[in-house]
Amino acid sequence: MTVRRIAHLRWWIVALICLGTIINYLARNSLGVLAPQLKADFGFTTQQYSYVVGAFQLAYTVMQPVCGYIIDLVGLRLGFALFAVVWSVSNMLHAFAGGWQSLAAFRGLLGLSEAAAIPSGIKAIAEWFPARERSVAVGWFNAGTSLGALLAPPVVIGISYYYNWQAAFVVTGALGLAWAGLWYAFYRSPADHFAITPDELTLIEADRPPVVAHAKVSPAAILSTARFWAIAIPRFLAEPAWQTFSFWIPLYLATERHMDLKSIALFAWLPFLAADMGGVFGGYLSPILMRRGLKLIPSRVAGVAIGAVLMIAPGCIGWATGPYLAIALFCVGGFAHQMISVMINTLSADVFTPAEVATANGFVGMAGWTGGLIFSLAIGQLADTLGYGPLFACLAVFDIIGAIVLVVMMKRLTLPVAA
């Protein structure tokens with residue numbers, strides 16, 4: 001039987017990863033979109049809602065390096081498919097919640113499994129792309145995170161409006177089951193893929209360290225490297241912004257800007273559209289800067305610095321005179337944050353080998369989600385008394401500090417040496 005070869009197969013792989021990430025983030029953001037309705041139906045407080053969010057964040061934080069290690073151990077094809085099945089079922093279980101405690105329990109289960117998405121995607125890109133194309137690939141893959149969040153308000157509220165909120169969780173969860181089957185059927189590593197052309201395989205293998213079969217991954221060795229901390233500290237400082245946008249924008253618009261659920265559905269997706277644009281732009285920015293003389297690592301760092309400056313805009317939301325200006329500032333923040341996210345995730349693939357990159361990126365993600373968890377709990381404690389404005393201002397400060405740290409530690413970001 002003759003197998004049809006697919007030209008530029010690596011970009012089809014990115015499209016498949018992007019689709020999975022869209023479904024992952026659609027399920028993840030269902031809670032934030034439904035928060036005003038669930039808060040009213042179950043009668044829980046803002047503080048209790050922060051505990052529901054925190055259950056997901058804590059599980060996700062702890063599991064990112066674990067998921068990354070499992071992916072490196074059992075392989076990307078099987079590992080990612082299994083995690084997708086678990087997160088899909090976990091999201092569907094939200095339909096059986098009877099209060100904030102059970103909602104938090106199901107949310108924790110979701111976090112345990114969805115933590116595999118980013119380490120898996122970064123590992124696939126490290127395997128499939130030469131270094132010069134890597135940030136572009138991460139930009140398109142990362143667009144799935146914001147596209148899923150973008151689709152969540154109209155899709156989830158639409159299903160909830162015509163059926164009920166339980167159906168919204170079931171539908172968004174079921175989509176992941178279909179994707180898991182598609183992933184398992186189609187994905188292989190470049191050397192083993194039935195549809196890759198010889199020219200593309202040569203292109204991929206010529207510009208990255210070789211993938212070593214059954215290479216031993218050492219989490220301790222990863223954590224002991226300066227290049228890990230050069231990435232992890234900025235990620236710790238940057239992630240609170242995305243956690244805030246994902247879980248708190250609808251509730252902020254409802255409580256502080258007095259928008260109803262239909263108005264939120266009409267406008268709350270705009271920051272995530274801007275985030276898509278920022279992620280893709282960030283991916284292309286690095287090659288543009290390289291063509292103008294910057295080397296690989298400085299081009300990534302420059303993108304983080306530009307994004308950090310733009311994060312001043314959402315830091316000024318407290319002074320916005322109306323809800324639409326606030327949404328516009330959120331849009332600038334979404335654009336800026338995804339620029340930063342693309343560059344930091346790409347750096348993981350740049351400075352760690354393909355055999356260890358999922359574990360390394362998992363630990364980097366753990367650092368980021370630790371920051372996001374701490375900040376979300378702070379919002380739950382302080383938003384009703386202090387207000388959201390000062391908290392949004394902190395996000396800008398965090399990103400600027402993170403960019404400074406990355407610039408200072410840039411010399412620690414050494415490239416892996418081919419064996």
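**Helices and salt bridges in a predicted model**

User: How far apart are the end C-alpha atoms of helix α17 (residues 388-408), and what span should its 21 residues have?
Analyst: Helices here are DSSP runs (H or I, at least four residues; strands are E, at least two), numbered from the N terminus. The expected span is 1.5 Å times one less than the number of residues, so α17 should span 30 Å.

User: What pLDDT do side-chain atom pairs need in order to count?
Analyst: Residues are numbered from 1 along each chain as its sequence is written, and side-chain values use heavy atoms, with hydrogens and water left out. This is a predicted model, in which totals for chains, interfaces and linings use all residues, local features need pLDDT of at least 70, and side-chain atom pairs count only at pLDDT 80 or more.

User: Which elements cover the buried residues of α17?
Analyst: Buried means under 20% relative accessible area, with exposed over 50% and partly exposed in between (1.4 Å probe, protein chains only). In α17 the buried set includes Tyr388, Phe392, Asp399 and Leu406. Their cover includes α10 (226-255), α13 (296-310), α14 (312-315), α15 and α16 (357-386).

User: At what angle do α12 (residues 270-291) and α15 (residues 323-351) pack?
Analyst: Axes are lines fitted to C-alpha atoms over the stretch in contact, and angles run from 0 to 180 degrees between N-to-C directions. On that basis, the two axes are 7 Å apart and the angle is about 35°.

User: How many charged residues are in the contact of α12 with α15?
Analyst: From α12 the contact takes in Ala274, Met277, Gly278 and Phe281, among others, and from α15 it includes Phe330, Gly334 and Met339. Nonpolar covers Ala, Val, Leu, Ile, Met, Phe, Trp, Tyr, Cys and Pro; charged is Asp, Glu, Lys and Arg; the others, Gly among them, are polar. The tally for this contact is 14 nonpolar, seven polar and no charged.

User: How many residues apart in sequence are the parts tied together by Arg10 and Glu200?
Analyst: These side chains meet in a salt bridge, 2.9 Å from N to O; the cut-off is a side-chain nitrogen of Lys or Arg within 4 Å of a carboxyl oxygen of Asp or Glu. Arg10 counts as buried because its relative accessibility is 6%, and Glu200 does so at 4%. Arg10 is in α1 (residues 9-42) and Glu200 in α8 (residues 198-205), so the parts tied together are apart by 190 residues.

User: Arg10 and Glu200 belong to a network of salt bridges; which glutamate is also linked there?
Analyst: A search of the whole structure turns up nine salt bridges. In the network, Arg10 and Glu200 are linked with Glu133.

User: Arg235 and Glu239 are both in α10; about how many helical turns separate them?
Analyst: The closest N and O atoms of this salt bridge are 3.1 Å apart. Arg235 is buried at 7% and Glu239 at 4%. Because they are four residues apart in the helix, their separation is about one helical turn.

Conventions:
Contact means heavy atoms within 4.5 Å.
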